Amino acid sequence: MSGLGGLDRPGAPAGPGAWDERRQEWPEAEPHPRESGAGAPGTAAGADELSARVDGVVDGVGESSVSSARVGGAGESSTRVGGADKPCTPAREPTAVGPRPASPRRTGADPVKALMHRHRDLCERAVDPLEIAAGLEAHGVTDRTAARFLHRDVFSLAEEIYARVPRDSEKPPGGPLLTTPRARADWLLLTLLPGALCAAVVTALHLTHGQSRVIAAAAGALAVALALRAALARGPLATTDRTNPTATRTSWLIAYALLGDGLLRAAMTGGPDTLPTGTADGPWPFTTAPVLALTLSCAPAAWCAHLLAVRARRKLSASRGLAEFATSVKPLLLGTFVLYLGALTALLTLTTTALDEPAAYPQTLTLGALLLLARLLTTHGFTHAPALVLTATASAEATALVTLFAARLPGCAWLATPVQALIDTWGPAAVPTLACGAGALTLLLHATRTLTRASAHATRDQPW
Amino acid sequence: MHIGLIAEGGYPFVSGDAGLWCDRLVRGLGQHEFDIYALSRSERQETEGWVPLPPQVNRVRTAPLWTVEDDGMGYGRRARRRFTECYGELVAVLCAGSAIDGAGPSEDPSATEADRFGNALYGLAELARDAGGLVGALRSEAAVRALERACRARGATSAAREARVPDLLAVAAHLERALRPLSLDWYEDDGLGSVDLCHATSGGTAALPGLLAHHFCDVPLLLTEYGVRLRTHYLAATESSPAVRALLAAFHGRLAAETYTRATLITPGNSHARRWQERCGADREKLRTVYPGMDAARFAEVGEAPDCADPDTLVWVGRVEPAKDLVSLLHAFAEVRKEEPKARLRIVGTPSGPEGAAYLGHCKALAVQLFPDEAEGPHTVGDNPVSFEEIGGPEIPALADAYASGAVTVLSSVVEGFPIGLVEAMLCGRATVSTDVGAVVEVIGGTGLVVPPRNPRALAEACVALLRDPERRERLGAAARARALELFTVEQNVAAFHGIYLEIVSRTPVRRVVLDEAGAPLPFAVPAEAHVPGRWTGRTARVVARGGPARPTEAPVRATSLPATEGAR
């Protein structure tokens, strides 16, 4: 150590030739890396610098560098500090090569402050000293650089910086706004497709007769089903979770809306004697207006879901606590729901007037509400409850039909009594209205509890 | 010996980033049996398949980290309470601040906090093992609520207290991802419970299975970190809000500290990683630096052949990116040209990413500006003294030829981890001039010249010194090659790990109780001879791990293999 201190005095600068002499000695005097560990780099660099300055005492340098590597500990740090401002000096001092004498670098009284200024982004951002250490190292600051700031290593330098960074608490608390989903043309157009197709099919049904009408109905049903599938595959109504597919139950509910009331009425009077003809009149009539309104309402449903998603994200970034978020999202959810119901009512009025069919508000509105809520819940990851409720609703409607037909068996007439009483009191529309209404109410209650949770509106599988 | 090798996103997948050394390790230690437990990072990685595995690999179990199937199991009241307790405890520790906040890890409050963190972590793991469904629970509102409570509790750091709802959600989502290994079914007696030693090939998520195996089955854990995960996390997570970063930094810091505490031995890849590990609470006595191994055979021909390179050529080899500071190299070369007008510079490398490509274009433009084309005589076609080349071209068919083409290899980086290019140059027996960054000094160890970074003049002086002195070049090159062959070869790496395996198993053997058919413990069932090579006891013995806290001894399982350690190899 004392040897090092002596050698470190400013002496006659030597040319690069001095390196060579030392290297001859170096390989055998090289410290073993395991032992030297963290100590080796500092001393090796120190030795480099020294040897660049000292010409004659070569052997002494080699030995002293090794001994310092072995000793390590306190001596090592003092070595570093001693050679603190060296790394740039030997490069500037040698007169053999450099054409101009090096001017001393301007350093202020507080070099750490300059460093903090250079890395001010990092310093302001850092949440702990280690982050500053990692960032400094990524910018090339090493322990030897830290020694220039009179620190043992980067960690202690980072600690000083972290302690010195002014942390004003009156920073605006508003963090970066969450990215909100944007309305895009693809799903906007796709949600219009089922309604358009359904309107075309209804027109075709009105214009065709007999065999061609059957073909038109079958092809139309298929086309509308495919269009619905496409419309729900993307946009705000899309779902990634495929654990509980509800397509069958949904199709059954829509089919009931189309055919159910007619069948129920026919079953009451002993029918049906023929298959449906595809018209609104006849023994087993089609009620196309509700279905047309429902398919047309795909677009408002998607818009409402989009609105809910966007507003919920905004509230999410604005609110400070979970409870606050829940209370602010609840009116939003109910408002969206009412908005959709309003749109559906308007569409239904339009279609019944256009098709000149009897108005079927209660059963259509409840069905629409049920389907929207089920879809919203599924989209936000709650698949269990919608699947359950849809199953229950579909089975309730099926049961009503089955009991009417089973009552025709001898001795089973009592089976029809409840449904019969229901229909006698409120008409055949009461069956789907009650079934769907109960389901929709259940889902609404469920949604006000689950969709107001913050976790429901978090995007899965991607970090923010 | 039966080793469970835990890898994340690397081995044995084809596109793994750190797969190579694992492959060399497994192939190099044919006398041991390996079970590989791999966590895959992406779907693409899984579909691309595995590398061919040597016969000593008994089996491979993989689990995805990129997706997770929610088993849809809802918790009962009791399990939910258990979850809320454990998770609440975990996040309370996180909100109380980072593990390494100034105070040493030995300080009492910090140790208590570390204990709380460990207990909460193992509590969650036990819950996942007993009741399943941890994924759903970690995603649920209950988790977010627990997090909010912890952030608003007294004693939370100011950063945590400022957490808003999106921050809470982000933290919960990140924790869910980070804790996915807790839900794996690897910790049974036919999984990680049956191995003699867990070797985690990186910290962080990959170390979690090792931690749990240590907790459940008392299997010793060896942790190898070539890059410190915690540091990677700090560098990667710069986008989120302060609250998120504070909480996640606390989590990763605590996890690292817990891993370092529980690991029997830790092998950093260089002294830089070692410093970080010591800083994060690793016990100095546990640390054994094991340098990464390089395949020396590729460079043997160049390294041992007499130096036939152009004595005036400097070579730079590497991936072109701003951190390599080629601009400084070009300026240095301008100085070199003043002294040695015949000097040439070859820059061999491909750009990495669009940023690298832009940087390469910039450097080419600068080279053209600094150095006009020059010709030998008035009638010959000239060219630029600085040439930009890529490996695979007609002049440089292989990597070794790149180093062989120059008398001096230059490394001009301002930021560097473990300088692989430098080791390659050393293996080729080249004299080198490098900047003092990263692990350069540690690697070069005096067998090459080292100058400060961002100092073209010093770089130029060192280059000129070497260019003028062929004898010295030769001497330095030979010394560098000798050093590299001793320290940075695959053989060295494999031998080091072999020794470490033996050390761990001899110090902390897994104690297993052998049960007879009736389920009673069999005394002396594992005789001392069981520790000599070969299978002495056959496969009829029944083995159960002892020491797992929640493990009753009345659940015996078949031994997959008795500890057949290698005494003779």
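Which hand does the crossing of α20(A) and α22(A) have?

## Two helices in chain A

It's right-handed: that is how α20(A) and α22(A) cross. Keep in mind while you look that this is a predicted model. Helix α20 covers residues 384–406 of chain A, and helix α22 covers residues 430–450 of chain A. Their axes come within 9 Å and cross at roughly 170°. Angles over 145 degrees count as roughly antiparallel, so α20(A) is roughly antiparallel to α22(A).

If you want to find the contact yourself, start on the α20(A) side with A:A385, A:P386, A:V389, A:A392, A:T393, A:A396, A:E397 and A:A400. Facing them from α22(A) are A:V431, A:P432, A:A435, A:C436, A:G439, A:T442, A:L443 and A:H446. Sorted by class, this contact has 11 nonpolar, four polar and one charged residues.

Now hop over to chain B and look for B:D401, which sits in helix α16 (residues 399–404) of chain B. It has 16 C-beta neighbours inside 10 Å, so B:D401 counts as partly exposed. B:I391 is 10 residues away from B:D401 along the chain, and the C-alpha atoms of the two are separated by 8.7 Å.

Pair it with B:G393, 35 residues apart from B:A358 along the chain, and you'll find 21 Å between the C-alpha atoms.

For the complex, the predictor gives an ipTM of 0.81 and a pTM of 0.75. Chain B averages a pLDDT of 82, and 86% of its residues score at least 70. Within chain B, confidence is highest in helix α19 (residues 456–467), at a mean of 93, and lowest in strand β15 (residues 557–558), at 43.

A couple of stretches call for some care. Over residues 101–106 of chain B, pLDDT stays under 50, and the model has six contacts beyond four places in sequence for them. Residues 539–569 of chain B also have a pLDDT below 50, and in the model this stretch has 72 contacts beyond near neighbours in sequence.

Notes. Residues numbered from 1 in each chain as written. Chains lettered and ligands numbered in written order. Predicted model: local features only at pLDDT ≥ 70, side-chain atom pairs only at ≥ 80, totals over all residues. Axes fitted to C-alpha atoms, helices over the stretch in contact; angles between N-to-C directions. Helix = DSSP H or I, 4+ residues; strand = E, 2+ residues; numbered from the N terminus. Parallel < 35°, antiparallel > 145°, perpendicular 65-115°, else oblique. Left-handed = near helix turned anticlockwise from the far one by under 90°. Contact = placed C-beta atoms within 7 Å. Nonpolar A, V, L, I, M, F, W, Y, C, P; charged D, E, K, R; others polar. Buried ≥ 20, exposed ≤ 12 C-beta atoms within 10 Å, placed from the backbone. pLDDT = per-residue confidence, 0-100.
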